[in-house]
Amino acid sequence: MNHIQRKFLVSADIRRWLKTQLPKTEKTEQFYTVSNAQEACYYRKAYPDTYTKVTVDRDGNETFSSVSAEEYASQRKNHLGRIIVKQSYKVTFDEGRFVVERYLKKLDGIYIVTAYFQDEKVLRNSETIQQLQPFVLKEIDLDEKYSDRSLALYEKPMEYNVQKFFEKIDAFESPNLFFWQVPQRVYVRDGVSLVLYRNIRLINYYKMNFQKKHFSATLHRLRVLLRRTATLMEIFPDLFSPNVQHFSIELFQRYYEETTLLRYLYFLNELSATRENVKLTLYSELKSLITREEEAVTHMLVSKPFRQMLTILTREIGVQENQKYISLEQAVTQVLKERLERFEMLLGETKEGYDDEMLEALYIFMDALQTLIEDFFHIIGEKKCRMLVEEFNILFKPLREYRNCKEREAILNTIKEKSETKTLDINPLLCEHEKVLKDKIEHALKLLRSSKFYV
């Protein structure tokens with residue numbers, strides 16, 4: 001009975017070793033079918049005509065049952081992912097049993113050796129293991145991406161050290177991290193985690209800078225990062241544990257909203273310097289409110305919940321449980337296609353009329369699309385991204401400005417209501433071209449409704 005198992009990824013040179021042995025050979029084909037939460041199922045054919053159905057329970061125990069050629073062929077039509085074809089070479093020694101698996105067709109080039117031993121002592125003293133060392137690329141006992149299920153359902157395995165990528169991010173000076181790009185050849189979980197880690201570093205950087213000097217540009221960059229990080233987690237909802245995702249998104253959005261007033265106060269204060277008809281009372285009111293809001297925002301940034309949010313998300317980034325080994329390029333392209341289809345549907349709904357609520361939904365949706373494109377433009381393709389962004393901006397720019405006008409008006413009215421100066425004149429700072437923006441939005445909607453968005 002072989003109680004100990006070791007699994008190795010080996011080079012194609014293993015064939016030289018096989019030539020010196022007398023292996024028993026077997027060619028097999030297997031594929032996976034739709035499974036449920038309780039068990040997975042795959043079918044296996046041992047050439048020429050032995051057919052087996054295998055069910056795997058949640059503990060990894062397998063149950064085998066013979067099936068007919070007809071049932072096998074019927075299930076094969078509805079297989080998931082790729083069909084695995086491999087040639088197996090079994091070599092038995094006194095010390096243990098060795099199985100070399102050579103994967104064929106779409107997995108060509110992968111060679112895996114599985115060694116079976118009676119106990120640890122036999123493993124430690126194995127001469128065969130020593131003979132195989134020149135061919136071993138890595139031990140893969142715990143590397144789930146080389147399981148038959150992952151090989152069938154996910155990307156052909158990619159080899160890289162994700163920790164090295166995190167270290168490269170750490171090596172960047174914080175301001176320069178905006179120029180960092182996520183590597184192209186990584187799995188989606190790793191790629192998104194790297195972007196989130198970059199964002200967290202930048203959030204910490206701008207948080208510290210804002211605490212030292214209350215600059216409007218610093219607050220703007222901090223708010224953009226809060227919004228983009230929440231959006232990124234919403235775009236890829238199944239990559240992180242639900243509790244962490246819900247907690248992080250909620251807090252990122254809350255802190256983004258809680259800094260909105262200060263962002264507008266900075267803007268209005270700068271705007272008032274350009275308007276000759278702004279009364280001193282309004283200017284003083286803005287100055288007073290800015291001081292108060294700066295204190296509130298600074299308190300928020302040093303608060304325990306804010307620090308906990310960043311700590312919990314940083315810890316979650318390092319967790320790699322239940323990873324789906326899908327390439328970042330494949331996942332980003334698929335998400336973008338789905339979102340562009342949804343965008344076309346939203347545009348179509350405006351044909352029957354639209355109000356500010358629908359325009360807000362469009363804005364939020366386009367803002368999320370922009371986040372996706374900006375973070376992954378080099379993966380989607382610079383030319384495709386440029387074309388998409390140019391089309392989006394036909395609507396996005398006037399829509400964003402219109403939204404800002406409405407928010408500015410609401411904030412100014414609130415300031416007037418709460419002011420001790422009941423005759424406070426806010427008119428010089430109100431938006432002056434709302435009608436023009438409405439016309440631009442109407443024209444853009446008509447134009448974009450006839451567009452098709454491709455990637």
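Predicted model: local features only at pLDDT ≥ 70, side-chain atom pairs only at ≥ 80, totals over all residues.
1. Helix H6 spans residues 162–171, and its buried residues are Val162, Phe165, Phe166 and Ile169. Viewed down the axis of H6, these buried residues fall within an arc of 100°, so they line one face of the helix. Lys168 and Ala171, on the other side of H6, are exposed.

2. What do the buried residues of H6 pack against? Their partners are helix H7 (188–212) and helix H12 (304–318).

3. A further packing arrangement involves helix H10 (residues 260–272) and helix H15 (residues 382–418). Two packed helices are described by the angle between their axes and the distance between the axes. For H10 and H15, the angle is about 90° and the axes lie 11 Å apart. H10 is therefore roughly perpendicular to H15.

4. On the H10 side, the contact is made by Leu261, Arg263, Tyr264, Leu265, Phe267, Leu268 and Leu271. H15 contributes Arg403, Asn404, Glu407, Arg408, Ile411, Leu412 and Ile415. Sorted by class, this contact of H10 with H15 has 9 nonpolar, 1 polar and 4 charged residues.

5. Ser272 is also placed in helix H10. Is Ser272 buried or exposed? Its relative accessible area is 5%, and a residue under 20% counts as buried; Ser272 is therefore buried.

6. The side chain of Ser272 reaches the backbone oxygen of Asn269 at 2.7 Å. Leaving aside residues up to four places away in sequence, Ser272 touches Val278, Tyr283, Leu286 and Leu429.

Definitions and conventions. Residues numbered from 1 in each chain as written. Heavy atoms only, no water. Axes fitted to C-alpha atoms, helices over the stretch in contact; angles between N-to-C directions. Helix = DSSP H or I, 4+ residues; strand = E, 2+ residues; numbered from the N terminus. Parallel < 35°, antiparallel > 145°, perpendicular 65-115°, else oblique. Contact = heavy atoms within 4.5 Å. Nonpolar A, V, L, I, M, F, W, Y, C, P; charged D, E, K, R; others polar. Buried < 20%, exposed > 50% of the residue type's maximum accessible area, 1.4 Å probe, protein only. Arc of directions from axis to C-beta. Polar contact = N/O pair within 3.5 Å; in protein donor to acceptor, adjacent residues only side chain to side chain.
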